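Student: I'm new to this one, so please pick a single part and take me through its surroundings slowly.

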Amino acid sequence: MAADTAFASEENGVLKVRTCAWSPPGDHPVGCGLILHVQDGKLVKVEGDPDHPITHGRLCPRCIALDEVVYHEDRLQHPLVRDRADRGKNKWREVTWDEAYDLIEAKVREIWDKYGAESIFTLTGTGRESTLYAPVYGPAVLNTCNGASTYAFSGQACYGPRATIANYLLGAGVPEIDWAQYYEDRYDHPGWECPKYLIIWGKDPLYSSPDGFFGHSIIDLMKRGSKIITIDPRLTWLSSRAEFHLQLRPGTDAAVGMGLLRVIITEDLYDHDFVEKWCFGFDELAEAVKEWTPEKVQEVSWVDAQTLVGAARAFATNAPSSGIWGVALDQSKASTQAGQCFLAIMAICGYLDVPGGIAITKPTSFIGKWRYEMSDTISPEMAAKHIVDPTGKYALFNVGAAMGGVQGDTLLNWLEGMYKDYDCYYDLKMCWMIGTNPLACMADQPQRWYEAMKPLEFIVVQDIFMTPTIMALADVVLPLSTFAEHDGLVTPNFGRNQHFIGAMNKAFDNPNTKSDLEILIDMGKRLRPELWDRFESVDQFFDEQLRKNYDFGLDDVRAVPAKMAGYEYRKYEKGLLRPDGEPGFDTMTGMVELNSIVLASYGEGAVPYYEEPEFSHISKPELAEEYPLYYTTGGRNISMFHSEHRQVPSMRAMHPWPLVTINPVVAERYGIAEGDWVRVTSPQGHMTQKAHLTEEVNDKFVHVEHAWWFPEQDGEAPNLYGVWKANANNLIPHESVGVTGYGAPYKNGICKIERVDSLDD
Ligand SMILES: Nc1nc2c(c(=O)[nH]1)N[C@H]1C(S)=C(S)[C@@H](COP(=O)(O)OP(=O)(O)OC[C@H]3O[C@@H](n4cnc5c(=O)[nH]c(N)nc54)[C@H](O)[C@@H]3O)O[C@H]1N2
Ligand SMILES: Nc1nc2c(c(=O)[nH]1)N[C@H]1C(S)=C(S)[C@@H](COP(=O)(O)OP(=O)(O)OC[C@H]3O[C@@H](n4cnc5c(=O)[nH]c(N)nc54)[C@H](O)[C@@H]3O)O[C@H]1N2
Ligand code: SF4
Ligand SMILES: [Mo]
């Protein structure tokens, strides 16, 4: 590492390298500014970069503990291989990179010849850095139709639903609050206004900083006067400071959304001018929400009628206001309807694309474009073999959803052999996992996934640590470099609403490890040289992608803490959203589609409607007698990113055990005290976590943490680091998804609880 670059300087033998964080270790593309202090080639200190225009030096504990990850004794430092017969056993052999690559290449060629490339699939996870490159491994390296963005995820219950709905209804990328994120001078930017109210719906951004949204900016906005409306079953920190907390029954978001819309419409609080000029289908929407009186909403969702009315009035009559919708909306069968409500509220109040409102951009990014080009490299005959549900379900996935990929429930059914009698069926033989640990975190019914993946002939995974999934299933493991050990670029919101581009600058070497992009290029050259031979280095790759799309290159991005995107308001009036340059939105009608012809064409409702969650006291009253409580799962905590950080000492010290949060009144009813082990059972399965008694949850539901495993326990099968014991996804039903195939109930179901003696009960 040279000190004479725009992003590094040396002081008293300490090299200070400016960089933007992403992953590994896991994170979303917030791209927080860091100064990494390096002495004798070793990371000695992590500091926030005060000049970074978004984070201004602020960091959360996971980045501060970066050295504990980099130098952890369990860190994977060599490629590992194991005989297929030894899956589940700790019988790894260290090999060189070339040996690992030779083995993978030979096996892929054998599978291509024997079974066809369609028998290979890739799996990936949430928006880590790998998210930019993982979708390319399938089509452009392995030559398969079953690659791009395939997840072991029932209902693809994260981001895909929201991205798709935004695409169809607004013709735009993923909407964000206008938190002045596009400007160097941020909150001082001329013309920017502070939102008066913020609806924070099914999201807890202070802990999650999701997709590129710097969660702490909510506090910045509150300090500048923004008032808060939360829609959340839990009394979160933000709910406790909110003007209105709509404490709903998990999974009833569409009812609350229609209730809010009804108040705004019947009390004539909406923006007539915007609705007349720019919205399609207002009358149909008004008709659809008519029956959702505050009283009816209260009956269905348990949200107090007066709180609902107050929130709707405050939000609609205080322009500009804004809002964000979180993963809780994706994680219910009714994700589409809830999303329709969110976007309709923002649209009819006139808050789209105005200062202090909802920021929208075209869903394009330079890396995204490259990704789509590279995904287009399979033959039409191969593309025709793409796995879809042969019974004709999930029509949207048959034509390609916004994020592509094989629908998660369909994939499990396919692996389990459910479609064996259909002409289109073929056996799957190989899987490559890039940035996912499905048995611990992503997969519903994880033990079914485990059994279904076992017969595969060959499984490759890349990671920084051993995981339960790797121990259970992998044949080859490739060790990854952390973001401090490689070069990269950070693209907030994955290019679907990108407020800056940040340079991730390598601060020190770890020669035994590689990044996702380096592995991609290496394997691409071996397996499809015609696509990859022209890439000589990672720097050349980034520079080329940038220059194709902007008037600057890699050095220009590296020269600044963050290259800001700038923003133009009211693009729909100026012809800046549509490819034809006409005013309006980039939808079929040129308007915001409150009545969605596209959704209707996929068998969905054109306007929102309410459907009970599949497992509730209303839809299954008899079952609910046995399972009298609701559960929700997976609220994020600051020291862990999904299944990661369990082996990082200071992060684990902050959160030593998986916690099920229970209201003290309920706990007393079941004889449960703080710290007791509690078994939670749903109609689908059970798991055990430690009781934490708190009024964050009311007396009708509990909150269960997700993605727990125990790196300190025996890793070999059947224990697999205790991955089945506290696994929230044992509770989640398979194929309880929306009409389009999107949305699954990871955050709403029914359960019973009991005190048990240990984690093993
Ligand atoms: N019950 C319940 N389950 C849930 C959720 C919930 O709320 N409740 N949330 C769901 C959601 S929203 C999501 S998105 C999924 C997430 O699920 P996944 O994305 O599968 O997350 P992890 O299980 O943590 O697996 C990621 C693995 O990638 C490794 N890794 C980290 N950084 C990188 C990188 O840059 N490149 C590569 N190649 N690997 C990396 C990590 O070490 C880790 O082992 O979980 C879902 N599971
Ligand atoms: N530290 C950390 N950060 C993360 C992650 C992580 O694992 N750790 N994961 C990343 C990923 S992949 C994602 S998708 C984002 C997610 O980040 P967020 O969108 O903020 O999601 P969660 O924290 O899972 O849940 C948000 C809120 O939804 C509430 N909720 C639960 N059920 C319902 C419901 O039925 N309706 C409504 N309206 N609310 C409900 C929960 O109580 C919680 O407060 O975070 C990302 N950031
Ligand atoms: S949000 Fe936290 S963990 Fe993520 S990059 Fe920023 S400081 Fe690091
Ligand atoms: Mo997610």
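Tutor: Let's start with a term: domain bounds here come from an automatic or database domain assignment. This is a predicted model, where local features need pLDDT of at least 70 and side-chain atom pairs count only at pLDDT 80 or more, while totals for chains, interfaces and linings use all residues. Residues are numbered from 1 along each chain as its sequence is written, chains are lettered from A and ligands numbered from 1 in the order in which they are written, and side-chain values use heavy atoms, with hydrogens and water left out.

Let's zoom in on ligand 1. Its shell takes at least three residues from domain 1 (80-152 + 366-480 + 512-533), and at least three from domain 3 (621-756) as well. There are 34 residues around ligand 1, counting a residue if one of its heavy atoms lies within 4 Å. S23, T436, C441, D463 and N729 come nearest.

Sorted by class, that shell holds 17 polar, 10 nonpolar and 7 charged residues. Here Ala, Val, Leu, Ile, Met, Phe, Trp, Tyr, Cys and Pro count as nonpolar, Asp, Glu, Lys and Arg as charged, and the others, Gly among them, as polar.

Now for the polar contacts, meaning pairs of N or O atoms within 3.5 Å. T436 has a side-chain N or O atom 2.7 Å from an oxygen of ligand 1. For R636, the side-chain N or O atom is 2.8 Å from a ligand 1 oxygen, and for Q331 that spacing is 3.3 Å. On its own, ligand 1 exposes 920 Å², and the protein buries 99% of that, going by Shrake-Rupley accessible areas with a 1.4 Å probe.

Technical notes
Polar contact = N/O pair within 3.5 Å; in protein donor to acceptor, adjacent residues only side chain to side chain.
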